[in-house]
Amino acid sequence: MSAPPKKRTVVESGDGGLGLGIAAFIANGEDLGPIIRHSFESGKPEALMHNLRGIVKKKEVEIEELCRLHYEDFIVAVDELRGVLVDAEELKGMLSGENSHLQEASTSLLLKLDELLELYSVKKNVGEAITTLKICVKVFSLCMTCNNFIVEAKFHPALKTLDLIQKSYLQSIPLKLLKKVVARQIPLIKLHIEKKVCSEFNDWLVHIRRMAKQIGQVSISQASLARQKDEEMRARQREAEGHSHAGPDEHLYSLNLENTEEESALDFDLTPVYRAHHMHICLGIGEKFRDYYYKNRLMQLNLDMQISTSQPFLESHQPFLAQVAGFFIVEERVLRTADGLLSESQVESTWETAIAKITSILEEQFARMRTASHFLLIKDYVTLLGAAVNKYGYQIKQLIEVLEKSRDKYHQLLLLECRKQIDDILTNDSYEQMVIKKEYEYNMNVTAFHLEHDDGIPDFPYLAPFSSSVPEVCRIVRSFIEDSVSYLSYGGLMNIYDVVKLFLDRLLIEVLNDSLLNMIYARSLAMSQMMQLAGNISVLEQACDMYLLHSAHLCGIPKRVAERSHSGLTARAVLKASQNAVYNSLINLANFKVDEFMVLLENVDWITEEAPDDANDYMNEVLIYLETLVSTAQEILPLEALYKVVSGAMSHISDSIMTTLLNDGVKRFTVNAVLGLDIDLKLLEAFAEEKFDSTGLSDLGKETTFRDCLVEIRQLVNLLLSSQPENFMNPVIRQRNYGSLDYKKLAIICDKYKDSADSLFGSLSNRNVKQNARKKSMDVLKRRLKDFS
């Protein structure tokens with residue numbers, strides 16, 4: 001081998017650092033881009049180029065050294081390469097032949113491959129088309145389904161279908177035109193559904209407003225039936241409580257479950273409301289529909305609250321109140337079942353507004369009422385309205401308050417009507433004892449009002465101790481009690497008995513008693529009629545207990561409790577006082593009639609010379625009248641009244657004789673006239689004793705008899721006929737025999753008294769010892785009386 005060549009020296013530039021850095025980058029195979037960029041950016045590309053040229057020269061030297069070192073190996077490699085080249089040419093020939101052969105063999109296959117590739121392309125296109133068509137067909141199918149749902153008014157599945165199209169298929173529709181059409185139709189369809197459900201809801205609004213009155217009427221009818229059942233139950237309970245003092249009868253308290261029925265449900269359809277509410281929620285506009293519902297129902301209520309001006313409130317109040325009741329029954333059902341469509345505060349606010357309007361209307365209408373029966377009809381329906389809506393949770397306190405405020409007005413109207421009826425009855429009564437011919441008449445006029453204490457049925461015809469006005473007045477009073485209880489019932493008062501009793505007292509005192517007093521003081525009744533009126537008042541006064549028991553029964557108070565009550569009617573005492581008034585009127589009438597007969601005293605010969613054998617004419621007339629008076633009074637009046645009237649007549653007769661003797665019409669009278677008076681008095685006293693005993697007054701233990709009423713005139717006659725009239729001045733004798741005589745009256749009468757008539761020879765013909773002694777005694781009495789005066 002040859003010696004290694006001498007190493008060539010490479011002269012490097014002065015910028016050795018940069019050259020070494022580039023050499024290191026090249027040796028490591030790193031990118032020279034940053035260095036080249038930096039050189040050009042720094043404005044020194046010449047140094048870079050110089051270093052690069054130095055590196056090239058260095059590498060060329062290294063290549064020359066390498067070639068010189070491996071020259072022989074290189075020659076061998078070249079020879080081998082030439083051998084390989086020959087082999088390659090042979091291989092190339094073989095490959096060329098094989099290629100020609102392969103091409104000839106694959107020409108048909110290439111054609112097949114082209115066809116296959118084309119088929120693959122068609123397959124891909126067809127697959128894509130099928131996928132597109134499937135999506136479109138599905139979308140079309142959903143659209144058709146949605147349309148069918150809409151046609152069938154199945155809006156909820158229609159909306160579900162729209163949501164499915166919008167969420168799952170709309171974005172994946174490959175056809176832009178179809179996608180655009182579907183996207184545009186979805187909101188239109190939703191708007192169509194909204195309009196359809198709103199249209200159905202609006203139809204429901206019209207329908208439910210027509211139905212509200214019927215709904216309210218049904219509910220009020222149910223409240224009425226419930227009230228009747230409650231009243232029947234209370235009646236049975238009162239019967240059970242009064243059945244036995246020993247203990248309640250368990251059978252009377254048993255509950256008949258077979259007759260217990262549930263109230264029939266009110267039948268009205270809220271489906272359109274539910275659907276519309278649900279559809280709007282599905283559309284995302286539930287709040288809009290809630291506001292729409294509330295405003296429309298408020299407008300309907302405002303229309304319902306306008307009462308008709310074309311007909312009286314009496315005729316329109318039931319439809320009006322039934323409409324309101326139906327409205328709020330529907331609202332309660334909607335609140336309870338419509339899943340938040342209404343809130344409790346909305347319903348309460350609406351009810352408060354409505355009840356304020358109703359109470360205002362009722363107050364105005366009640367103020368205009370002039371008929372108690374109309375008042376009661378409206379009140380009764382208002383309480384049924386309250387019972388009907390209270391069952392659904394509505395507060396009715398304001399309704400109760402307006403009824404309470406109108407209580408006095410109603411009873412005032414009722415009292416006015418009763419006054420007119422009672423005045424008509426009393427004015428048109430004949431005041432003759434009522435003749436009852438049939439048992440049913442007796443039951444209707446006597447038994448029904450407990451006007452007889454005997455429970456037995458009398459023989460007919462039956463002569464009642466009262467006239468026809470008594471049962472008629474009792475019917476009016478009983479009707480008043482029933483109307484009063486009917487108004488006060490179901491009005492919030494727990495104990496209405498005291499209130500009923502208060503108004504009953506007003507009826508009996510302010511109406512009945514006033515009408516009776518008007519009849520008494522009108523002086524339009526004859527004596528027998530006035531007696532009958534007195535008998536009627538007595539019966540009516542006793543009927544007060546029946547009125548109280550009837551009131552207690554209607555108010556639910558057991559009979560034994562009412563009977564134990566010590567608080568009776570004030571009217572009883574007032575009617576008792578009216579009895580005294582009618583008795584005084586009877587006494588005045590009797591005295592007036594007696595005065596007609598006592599006028600005949602003027603015809604008495606007060607200076608007669610002969611002693612009379614019979615009574616004077618006036619006394620015969622008086623006795624006939626007194627006989628009629630006693631017999632009539634005995635049939636009609638109670639014994640106490642009979643005693644007062646006859647005693648008054650007797651006293652008046654005595655006073656009339658005394659007055660006649662005192663008056664200037666009698667200048668003087670003789671002993672014969674006094675003897676006539678004595679005969680008159682004896683007849684009258686015999687009559688008085690017989691009637692006092694026969695009427696049964698003697699059994700009452702009266703201290704003063706009829707005869708005692710004549711004591712003054714009797715003592716005067718006894719004194720004038722006495723043999724020693726001067727004994728009057730003896731206190732003991734005077735107290736025993738002449739205690740009723742007055743000094744002044746006696747002085748006047750004695751001054752007129754003469755033992756005998758003054759005839760021409762009277763003093764001579766009639767003189768005897770007895771007469772002289774009596775005359776002297778009378779003269780002494782006259783002087784003593786003058787001295788006393």
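Analyst: A helix here is a DSSP run of H or I with at least four residues, and a strand is a run of E with at least two, numbered from the N terminus. Ser 647 lies in such an element, helix 22. The model is predicted, so local features need pLDDT of at least 70 and side-chain atom pairs count only at pLDDT 80 or more, while totals for chains, interfaces and linings use all residues. Residues are numbered from 1 along each chain as its sequence is written, and side-chain values use heavy atoms, with hydrogens and water left out.

Ser 647 counts as buried because its relative accessibility is 9% (buried means under 20% relative accessible area, exposed over 50% and partly exposed in between, with a 1.4 Å probe and protein chains only). Once its neighbours within four places in sequence are set aside, Ser 647 is in contact with Phe 706 and Cys 709 (contact means heavy atoms within 4.5 Å).

Helix 22, residues 639-662, is also one of the elements that the buried residues of helix 21 pack against, and the others are helix 17 (527-542), helix 20 (570-598) and helix 23 (671-694). Among the buried residues of helix 21 are Tyr 618, Met 619, Val 622, Leu 626, Leu 629 and Ala 633. Helix 21 itself runs over residues 617-636, which is 20 residues, and reaches 29 Å from its first C-alpha to its last, close to the expected 28 Å (1.5 Å times one less than the number of residues).

Another buried residue, Phe 375, is found in helix 11, residues 372-390, and counts as buried because its relative accessibility is 0%. Leaving out residues up to four places away in sequence, Phe 375 touches Phe 366, Met 369, Ser 406, Lys 409, Tyr 410, Leu 413 and Tyr 487. Phe 375 and Arg 407 are 32 residues apart in sequence, and their C-alpha atoms are 9.9 Å apart in space.

A pair of helices can be followed residue by residue as well. Helix 7 (residues 271-282) and helix 8 (residues 286-304) pack at an angle of about 145°, with their axes 7 Å apart (axes are lines fitted to C-alpha atoms, for helices over the stretch in contact, and angles run from 0 to 180 degrees between N-to-C directions). Helix 7 brings Val 273, Ala 276, His 277, His 280 and Ile 281 to this contact, and helix 8 brings Gly 286, Phe 289, Arg 290 and Tyr 293. These residues divide into five nonpolar, three polar and one charged (Ala, Val, Leu, Ile, Met, Phe, Trp, Tyr, Cys and Pro count as nonpolar, Asp, Glu, Lys and Arg as charged, and the others, Gly among them, as polar).
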